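Please keep the sequence and the coordinates at hand while reading.

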Amino acid sequence: MWRTSWTVALMFILSWTTRAAPSSAKQSPKITELLVEPAELILRAQDEGMRVLVTGTTPAGDRLDLTSSAQFVPAESIVKVESDQYLYPVRQGETQVTVTAGGKQAQFTVRVGDLSKPPQISFIRDVEPVLNKVGCTAGTCHGSAKGKNGFKLSLRGYDPEFDYEALLYDMSGRRFNRADPARSLMLAKPTQQVAHGGGLRVELGSRYYNTLLHWISAGVPFGNPTTDRVDKLEVLPKEVFMHGPDQSQQVIALAHYSDGTVRDVTREANISSNIPEIADVDAAARVKGERKGEAALLVRYEGKFVSVPITMLNPNAGFVWNRLPQYNYVDELIDAKLKRLKILPTPTVDDAEFLRRVSLDISGVQPTPEELRAFIADKTDSRTKRSRTIEQLLSQPEYVDHWTLKWGDLLQVSRRYLSDKGMWEFRDWIRDSIAQNKPYDKFVRELLTARGSSFENPAANFFRVTRNPKVSMEKTTQLFLGVRMVCTQCHDHPFEKWTQNQYYEMVAFFGSIGLKPGFQSGDEIVYDKRDDNEIKHPKTGRVVEPKFLVASLSAPPIPTKDRREALVDWLTSKENPFFARAIANRLWSYFLGRGIIEPVDDIRASNPAVNEALLEALTKDLTDHDFDLKHLMRVIVSSRAYQAGIHANEWNGDDKVNFSHAMPRRLSAEELMDAISLAAGHRPKFPEVPPETKAEEFPDPHVGKDGFLDVFGRPARESSCECERRSDISLPQALNLVNGRTIADAIADPKGRVAKLILAGASDRAIVEELYLASLSRAPTAKEYDAAMTFLRPGASRAAWAQDLLWSLVNSKAFLYNR
Amino acid sequence: MLTIPGRKGCLCDGPTRRELLRAGSVGLFGLNLANFFQWQKAQGASRLDGAHGFGSAKSVILIFLQGGPSHLDIWDPKPEAPTSIRGEFKAIPTNVPGIQLSETMPMLAQQMDKCALIRSMSYTPTGLFNHTAAIYQMLTGYPPDKVSPSGQLEPPSPADFPTAGSHISKLKPPTEPVLPFVEMPRPLQESGVIGKGGAAGFLGKAYDPYRLYQDPNKPIKLDDLTLRKDVSPDRLKDRFTMLKGINGSMPDLEKALKDYAIDEYYGKAFDLVLSGKAREAFDLTKESDKVRERYGRTTFGQGLLLSRRLIEAGTRFVQMNWPAVANGNPEVDAWDTHAANFGPLKNLHCPILDRGVSALLEDMTQRGMFKDTLLVTVGEFGRSPRLGVSTSGNTNSPDGRDHWPYCYTALVAGIGMQAGRVYGSSDQTGSAPKEKPVHPNDLLATVYYSLGIDPDMTVLNHLNQPRELVKGKPVLELW
C-alpha cells in the first residue's frame with residue numbers, strides 16, 4: 001500500500017515537472033565538433049560515386065546528423081560534388097575536401113585512381129546488384145520459383161552463376177546484340193522499348209542503364225567469383241540514436257571486397273526498417289523518426305546482411321529516473337536499458353497477485369483459496385516468502401505436469417505419429433526427465449542419439465515424428481538452436497547468411513537414421529543405415545559432406561559413422577552460440593510473455609535481441625549452471641522485472657518489449673480448463689484418461705479433440721513451432737464461454753463448489769469471498785461485495801445467484817488472463 | 001498470423017519484408033478485431049478501390065458440387081459430338097437465345113437470363129488425380145502436395161491452406177451478430193478423408209466454418225446458439241451486468257487489454273445467443289410452404305433456402321456442399337459417376353439440382369439480393385467427355401465418366417456480373433477450353449476481388465512464412 005501511494009505521488013511530481021519544463025526540442029543546438037565518416041574516400045572509376053556522413057557533437061555530448069545540410073568544397077578539382085552529395089572523380093590525384101555544417105568545418109581526403117584503367121566490369125559485382133535493385137530477381141518477377149514468361153532468375157540473385165547462364169544461354173543467346181549493344185533485348189525489355197510484362201524497370205540513359213550497356217559492350221564478362229563477391233557489408237552509422245521523432249539520420253552502405261576495395265552501395269542496397277511506425281527509411285537512405293521506441297534498420301546487399309539498431313527517445317522533457325529495488329542481475333540489465341530509453345519500470349505486484357502469476361507460470365494451475373489464505377496470512381517478509389513459494393512450486397508434481405505438456409508440444413508427442421503405446425512411453429520419458437531435472441544438454445543428447453525400439457528407448461520417438469533427414473534437421477535446428485533453416489532448402493536465405501549448401505551439409509548429419517518396424521505392433525526401431533545414407537545436393541547431384549552450421553574451435557573432426565554423436569557434441573557444447581541462448585530465450589518468453597528475441601524460434605542477425613546484455617547474461621548463467629533449467633527459471637521469477645505489475649505509468653505505457661511492466665497473457669487452453677475446474681470444483685470427464693485428470697496432464701491432443709481445448713488454441717502438435725499454440729480471442733471462444741458446456745456444467749455441478757457452499761449454509765459474505773478467491777485468487781473489495789449482493793434479489797434462489805456470480809467471475813478478464 | 005494487403009508479394013521475398021514485419025509487430029499481441037480494423041484503416045485504401053467490380057459483393061453463396069458433376073450432361077451439352085461423347089441426353093433451348101443446356105436442367109433453362117456460365121474452367125493437377133486433391137485445390141487455391149504428400153490419405157491439418165470462407169470471414173468479418181461462415185449440410189469427403197480443404201488450417205480454428213452438419217429438410221437443432229433451459233434471457237442479462245461490473249473494477253487490466261476487443265467478442269456472443277437472429281435464420285418454418293416446395297423438399301433444396309436466409313441475416317459466406325459423396329453406389333445421388341452416369345443423373349441428381357438452383361436464382365432475384373450477393377456453383381472438376389475410359393486410374397463402366405479437371409463449367413450470378421451469357425467456351429467435345437480458360441485460382445481470385453479483398457495480398461502461414469492469398473487473376477470480364 002505504501003509503495004502504491006508513493007508511486008502515485010511520484011507520478012504527480014513527474015507530470016508536474018513535464019508541464020513546467022520549457023520546450024527546447026526545436027532550438028538548433030550549438031555544435032562543438034564535426035565528425036566525417038569515412039575519413040577517406042578512394043574512387044577508381046568515372047561512374048563510381050561515394051559519399052560521407054557528417055555528424056555534429058553538441059555540448060551535451062549528443063550526436064546530430066548534419067549530412068543533409070552539409071556543404072562540400074574540394075581544394076582541387078580532382079572530384080566534383082553532385083546535388084545528391086555524391087562525390088565523383090574528375091582526374092587522378094588526391095585532394096582535401098572541406099565540409100561546412102552547423103557552423104563548423106572539417107576536412108577529409110579523397111584519392112582518385114587512374115581513370116583510364118578502371119576495374120573490369122563484371123556480372124557478379126556490377127550487373128547482378130542492378131538486377132536485384134530494379135526487381136528483376138524479385139519473387140514476384142523472374143525470381144519466382146517458375147520464373148516469369150519463360151525467363152527464370154535466382155531469387156534475389158543469390159545464384160549469379162545460374163542467372164548469368166540464364167541470360168546468356170536461354171533463347172540461344174538472343175538477349176544480347178553484340179553488334180549493337182544498345183539494341184539488346186536485355187536493355188529493350190526493362191526500358192520497355194519492347195513489351196515487358198514487368199513494366200518499366202530501367203530508365204533510358206540512367207545510371208543502371210549505363211551499367212548494363214557498358215557490360216554488354218564489354219562482352220558480358222562474368223567476373224571473378226572470388227574477388228568480385230562482397231566480402232563484408234558495412235553500414236554507417238553503427239547505431240541510430242535519435243532524441244525525438246523530428247530528427248533524421250542518413251545512413252550509408254559500403255561493400256568491402258577481398259582485394260581491399262570499398263564501394264558505396266547505398267543506392268543499390270535494400271534498406272528497410274523492421275518497424276516503420278517507429279522509424280522509417282526513405283529512398284535516399286535517410287532514417288526518419290516517427291515515434292519513440294526501438295526498431296532495427298535492415299540493410300541487405302548481395303547476400304550480405306547488416307542490422308543497425310535504431311533508438312528513438314521519448315521527446316518529452318521531465319524524465320527522472322527512479323531506481324527500484326534490484327532483486328538480481330536481471331533487474332540491473334533491464335533497468336540499464338530502461339534508463340537509457342527514458343522508460344520508468346512499474347513496481348511489483350502484491351502478494352496475492354504474485355501467487356497467482358507464479359503458480360500459473362511454474363505449475364500451470366491457480367492457487368487454491370486455502371493456499372492463498374495461508375500465503376497472505378504468513379507474516380514473513382514478502383521477498384522471503386515469495387522465494388519460499390518459488391522453491392515449493394518448482395518441486396511440486398504440477399510443475400512436472402506443466403513442463404511435460406510444454407515439451408510434449410515441442411517434441412510433438414501424439415498417438416498420430418507414435419501409436420498409443422509409443423505416445424505414452426515418450427510422454428513418460430519426458431515426465432521422468434523433467435521430474436529429475438535432467439540437465440538440458442543431456443536431455444537433448446538422449447533425444448538426438450537415441451537408437452533401438454521406441455518402446456524400450458522412448459527418446460527414439462523423436463525421429464519417429466520427423467521421419468526423414470530434412471525434416472529431422474529442420475526440427476533440430478529450429479527447436480534446439482532457434483534457427484529456421486526451412487527457407488534454405490530451396491534457395492539461400494533471403495534475410496540471413498544461411499545458404500542452401502549449409503542446409504544440405506546439416507541434413508547430412510541425419511542421413512543415416514533409419515526406421516524399421518519393431519517387434520510389437522505400433523513400435524518402430526531407430527537404427528543407423530549402412531547404405532543409402534548419403535545426402536545429395538539437389539542442384540549438383542553430388543554427395544554432401546556434413547558440416548556444422550557454425551564452425552566451432554573445439555569440435556572434433558566429423559567421423560563417417562556416428563555422425564549424430566559428433567553433431568550432438570557440437571550442438572550441446574557450451575560454446576555453441578545458439579544452443580544455450582535459444583533455450584534461455586525460450587524459457588524467458590514463457591514467464592514474461594515474449595522472448596528477448598521474438599519469435600523465440602527465429603534467431604537471426606536480422607531479428608536482434610531487444611536486450612542483448614540480458615540474453616547474454618541469462619545464457620551464461622545457464623551454461624555456468626550446467627544447463628540446469630530450474631535454476632534459470634528461479635532466477636527469472638525471482639527478478640523484480642518478472643514480478644512487476646501490469647499498471648503502466650506515464651513513461652512506460654508505450655513500451656511493449658523492454659519488460660518495464662507486465663503484459664497480461666491469456667491462460668492457455670489447458671490452464672483455462674483447469675482454472676475453471678478449480679474455481680467451480682468440477683472436473684469434466686474424458687474417456688481416454690482417468691476421472692479427475694487435469695487438462696495439463698493430458699498426454700496428447702487426441703484427448704478432448706475438437707472441444708473446448710482446441711477452440712482455445714491447444715496445438716495439434718503438427719510442428720515444433722512455438723507459434724502453433726494460439727492465445728488470441730475469437731468469437732467461437734466467446735460463444736463457448738458464454739453459452740458452452742464447459743462453464744455451464746462446471747458451475748451447476750450438484751457436487752461443485754457453489755452447491756457445497758449452499759449446502760453447508762455458508763453466509764452470503766462467505767460465498768462471495770470464497771468464489772472470488774477460487775477464481776480471481778483474491779478477496780473481493782467492499783465495493784465488489786456490495787455489487788455482488790445487489791443481484792441477490794429477495795425470494796430468489798441463492799444457488800442461482802451464486803452460480804451467476806461464479807459465471808461472471810470465470811468470464812471476467814481477470815480470470816481469463818495471467819496478469 | 002496476420003494478412004498483408006497491398007503490394008504484390010511472393011514467397012520468401014524482399015519487397016514485402018516491411019509489411020510483414022509491420023504485421024508481425026501487431027501479431028505479437030495476438031490478432032484481434034479492434035487493432036486489426038485499426039490496422040486495416042491505417043493501411044488506407046486498397047490499390048484496387050474503385051476498380052471495376054472490386055468490392056461489389058458483401059456476401060457469397062458457394063454451392064459446392066463435390067464429386068465432380070458431368071459438365072456435358074448438365075451445363076455444356078455437345079449435341080454435335082459422337083454418341084460416345086454426347087451421351088444419352090439432348091440439348092434444350094433456354095430463355096436466352098443461343099444458350100443451350102442439357103435436357104436434365106429444364107427449370108434452370110427458364111432462369112438462364114439471371115446467371116452466367118463459365119464453360120472454360122480448367123486446370124491440370126499436379127500430383128494426385130483424386131477428389132480430395134481437387135477439392136483442396138479448388139477451395140484453398142493451392143495443390144495439396146506441400147501439405148499432404150500422399151494427397152488422399154492425409155486428414156485435415158492445422159498446416160493446411162485455409163479454405164476460402166475462412167480467409168473471407170477473417171478479412172471481412174460480418175457486422176451483424178451472426179455466424180460469419182456457415183458450411184452445410186455435410187463435410188467434404190472422399191472415403192475416409194473428411195473435411196480436407198474445408199477448414200481454416202493455418203488461420204486457426206477460430207476461423208473454421210460453423211459446421212451445420214444436419215439435414216435442413218428436418219428440424220435443425222442449435223444447442224450452442226440456444227440458451228440453456230436453466231438460463232433465462234433475464235438471467236443471462238444479469239450475468240452480463242455482473243460481469244461488466246467485475247471487469248470495470250480493474251481499470252489497469254481493462255487498459256492493458258483494450259486492444260484485444262474482448263468486450264466486442266463477448267457482445268457478439270451475447271447478441272448471438274440472445275437476439276436469436278442467427279437462430280431464427282435457421283428456422284425454415286418461417287418460410288411459406290410454397291417457397292419451400294419451390295426449392296424442393298430435399299436436403300439440397302432446403303439447404304439452399306437456408307443459405308439464402310443466412311445471407312439475409314448477415315452471414316458473409318455460406319458453403320452448401322452437395323449432400324451425397326461417392327461410395328460407388330449408383331442409387332445414391334453422388335456426382336462421382338464412374339458407372340451409370342445417365343439414369344441416376346436424369347432421375348436422381350439433376351432434378352434436385354435443377355429445382356434447387358433455379359429456385360434460388362428466381363427467389364434471390366425477386367428479393368433483390370443479387371445486388372450484393374455473389375452466387376457460385378461449381379464442383380472440383382468435370383467428367384471425361386469420352387464414356388467408359390479411365391483417366392484417373394479408376395475403373396469405369398461403359399456408361400460411366402471419369403474425373404476431368406481439364407475442362408468443366410461453373411455457374412455465377414449476381415453483383416452486377418453480366419447475366420444471360422456464357423463466358424469462355426469449350427472445344428467440340430468439351431475436353432479443353434477453346435477460349436478464355438479460367439483456372440480455379442482465377443475463380444477464387446474473382447470471389448476475393450468481388451468482396452473487396454486484393455487477391456494479390458500475402459498471408460502468413462502457421463510458421464509465419466509469407467504465402468500468396470491465391471495465385472490467380474480475377475476474371476474482370478465477368479462484370
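The structure is a predicted model. The crossing in which α23(A) passes α27(A) is right-handed. On the side of α23(A), the contact is made by I743(A), I747(A) and A748(A), and on the side of α27(A) by Q803(A), L806(A), W807(A) and V810(A). By class, these residues comprise 6 nonpolar, 1 polar and no charged.

Chain A as a whole provides the setting for this pair. Its C-alpha trace spans about 100 × 80 × 55 Å along the principal axes, and the chain contains 28 helices and 26 strands. Of its 819 residues, 48% are buried. Among contacts between residues at least 6 apart in sequence, 63% join residues at least 24 apart.

The next topic is the contact between the two chains. Chain A contributes 61 residues and chain B 53 residues. Elements giving two or more residues to the side of chain A that touches chain B include α23 and α27, together with α22 (731–739). The largest share of that side, 7 residues, comes from α22(A). By class, the side of chain A that touches chain B has 30 nonpolar, 18 polar and 13 charged residues.

How many of the 9 residues of α22(A) are buried? The number is 8, so this helix is largely enclosed by the rest of the structure. Among the buried residues of α22(A) are L731(A), P732(A), L735(A) and N739(A). The cover over the buried residues of α22(A) includes α21 and α23 of chain A as well as α9 (262–275) of chain B.

Helix α5 of chain A (residues 207–217) shows another arrangement of buried residues, namely Y208(A), L212(A), W215(A) and I216(A). Viewed down the axis of α5(A), these buried residues fall within an arc of 100 degrees, so they line one face of the helix. An α-helix has 3.6 residues a turn, so residues three or four places apart point the same way. The buried residues of α5(A) pack against α2 (123–134) and α4 (185–188) of chain A. Just after α5(A), G219(A) takes a positive phi of about 90 degrees.

R467(A), in the loop between α13 (461–466) and α14 (469–481) of chain A, has a phi of about 70 degrees. R467(A) has 13 other C-beta atoms within 10 Å and is partly exposed. In chain B, K436(B) has a positive phi of about 50 degrees and is found in the loop between β17 (433–435) and α14 (440–450). K436(B) is likewise partly exposed, with 15 other C-beta atoms within 10 Å.

Finally, there are cis peptide bonds to consider. One joins L236(A) and P237(A), with omega about -5 degrees; P237(A) lies in the loop between β10 (230–236) and β11 (240–242) of chain A. In chain B, the peptide bond from M184(B) to P185(B) is cis, with omega near -15 degrees, and P185(B) lies in the loop between β6 (181–184) and β7 (189–190).

How values were computed: Residues are numbered from 1 along each chain as its sequence is written. Chains are lettered from A and ligands numbered from 1 in the order in which they are written. This is a predicted model: local features need pLDDT of at least 70, side-chain atom pairs count only at pLDDT 80 or more; totals for chains, interfaces and linings use all residues. A residue is buried if 20 or more other C-beta atoms lie within 10 Å of its own, exposed if 12 or fewer, and partly exposed in between; C-beta atoms are placed from the backbone. Helices (H or I, at least four residues) and strands (E, at least two) are DSSP runs, numbered from the N terminus. The arc is that of the directions from the helix axis to the C-beta atoms. Two residues are in contact if their C-beta atoms, placed from the backbone, lie within 7 Å. A crossing is left-handed if the near helix is turned anticlockwise from the far one by less than a right angle, and right-handed if clockwise. Ala, Val, Leu, Ile, Met, Phe, Trp, Tyr, Cys and Pro count as nonpolar, Asp, Glu, Lys and Arg as charged, and the others, Gly among them, as polar.
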